[in-house]
Amino acid sequence: MEINLLSIGKISSEWIQKGLENFESRIGKYIKYSTTIIPDIRNSKALNSEQQKEEEGRAIINRLQPSDFVVIMDERGLEQTSREFASWLQRQMNTGRKRIVLIIGGPFGFSDDVYRRADCKLSLSKMTFTHEMAKLFLTEQIYRAMTILRGEPYHHD
């Protein structure tokens, strides 16, 4: 199985980029892992929030495969502890799915088409984070889940 983290917009903060690279290289020791970055929508200032969500939604849908298990990160999604997330991830891996795609949307959320395509909604927190921070937190949680599943000492209860 492969995990793909799909997100809108590039990372502009150097320290976040370094953190991402660190955790991404660690995750690669456990599972096939990739990232997909959809560039920010051009001329987004000329679009209202709904139009921007629609544009981003088309870009997201175009990068998905029919067999993908699609998980959107949404503040109204299922909240879990790190151990619960690890168990959830293990259940997904046990299904024999080829690829799980975790999606971090743009600043206005997801289009209706993306919500309809999603198989699951997860939440990092009820708090709002920048998309860069959400990507770092989610990447770290994927790594943490892998160490929990292997019984390694990274996570402490």
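This report describes the sheet, the helices and the nonpolar cores of a predicted model.

## Basis of the description

The model is predicted, so local features need pLDDT of at least 70 and side-chain atom pairs count only at pLDDT 80 or more, while totals for chains, interfaces and linings use all residues. Residues are numbered from 1 along each chain as its sequence is written, and side-chain values use heavy atoms, with hydrogens and water left out.

Helices (H or I, at least four residues) and strands (E, at least two) are DSSP runs, numbered from the N terminus. A residue is called buried under 20% relative accessible area, exposed over 50%, and partly exposed in between (1.4 Å probe, protein chains only).

## The sheet

Five strands form an open sheet in the order S2-S1-S4-S3-S5, with parallel pairing; two strands pair if DSSP finds at least two bridges between them. S2 and S5 stand at the edges with a single partner strand each, so one side of each has no neighbour in the sheet. From one strand to the next the twist averages 30 degrees. Strands of a sheet pair through backbone hydrogen bonds, either parallel or antiparallel.

S1 pairs with S2 in the parallel sense over 7 bridges, and 6 bridges join S1 to S4, also in parallel. Ile3 stands opposite Tyr33 in S2 and opposite Ile100 in S4. S1 is mostly covered, with 7 of its 7 residues buried. In a regular strand the side chains alternate between the two faces of the sheet. In S1, Glu2, Asn4, Leu6 and Ile8 point one way, whereas Ile3, Leu5 and Ser7 point the other way.

Helix H1 (residues 14-27) has 14 residues and reaches 20 Å from its first C-alpha to its last, close to the 20 Å expected at 1.5 Å a residue. The expected span of a helix is 1.5 Å times one less than its number of residues. The buried residues of H1 are Ile16, Gly19, Leu20, Phe23 and Ile27. They cover an arc of only 100 degrees around the axis, which puts them on the same side of H1; the arc is that of the directions from the helix axis to the C-beta atoms. On the other side of H1, Glu14 and Lys18 are exposed. The cover over the buried residues of H1 includes strand S2 (32-38) and helix H5 (131-150).

Helix H2 (residues 49-62) lies across S1, S2 and S4 and runs at about 160 degrees to S1. Axes are lines fitted to C-alpha atoms, for helices over the stretch in contact, and angles run from 0 to 180 degrees between N-to-C directions. In H2, Gln52, Lys53, Glu56, Gly57, Ala59 and Ile60 are buried. Seen down the axis of H2, the buried residues fall within an arc of 165 degrees, so they line one face of the helix. S1, S2, S4 and helix H4 (112-117) are among the elements that cover them.

H5 has 20 residues and reaches 29 Å from its first C-alpha to its last, close to the 28 Å expected at 1.5 Å a residue. H5 is followed by Gly151, whose phi is positive, near 75 degrees.

A nonpolar core is a set of buried Ala, Val, Leu, Ile, Met, Phe, Trp, Tyr and Cys residues joined through side-chain atoms within 4.5 Å. The largest such core has 30 residues, and those with the most contacts inside it are Ile3, Val71, Trp88, Leu89, Leu102 and Ile142. Elements giving two or more residues to this core include strand S1 (2-8), strand S3 (69-79), helix H3 (82-94) and strand S4 (99-104). H5 gives the most to this core, with 8 residues. Another core, of 13 residues, lies apart from it and has Leu6, Val70, Val114 and Ala118 among its members.

Contact means heavy atoms within 4.5 Å. Leaving aside its neighbours within four places in sequence, Leu102 is in contact with Ile3, Asn4, Leu5, Leu6, Val71, Leu138 and Ile142.

Ser12 lies in the loop between S1 and H1 and is exposed, with a relative accessible area of 63%. The C-alpha atoms of Ser12 and Glu132 are separated by 8.2 Å, although the two are 120 residues apart along the chain.

Glu84 lies in helix H3 and counts as partly exposed at 41% relative accessibility. The C-alpha atoms of Glu84 and Gly109, 25 residues apart along the chain, are separated by 25 Å.
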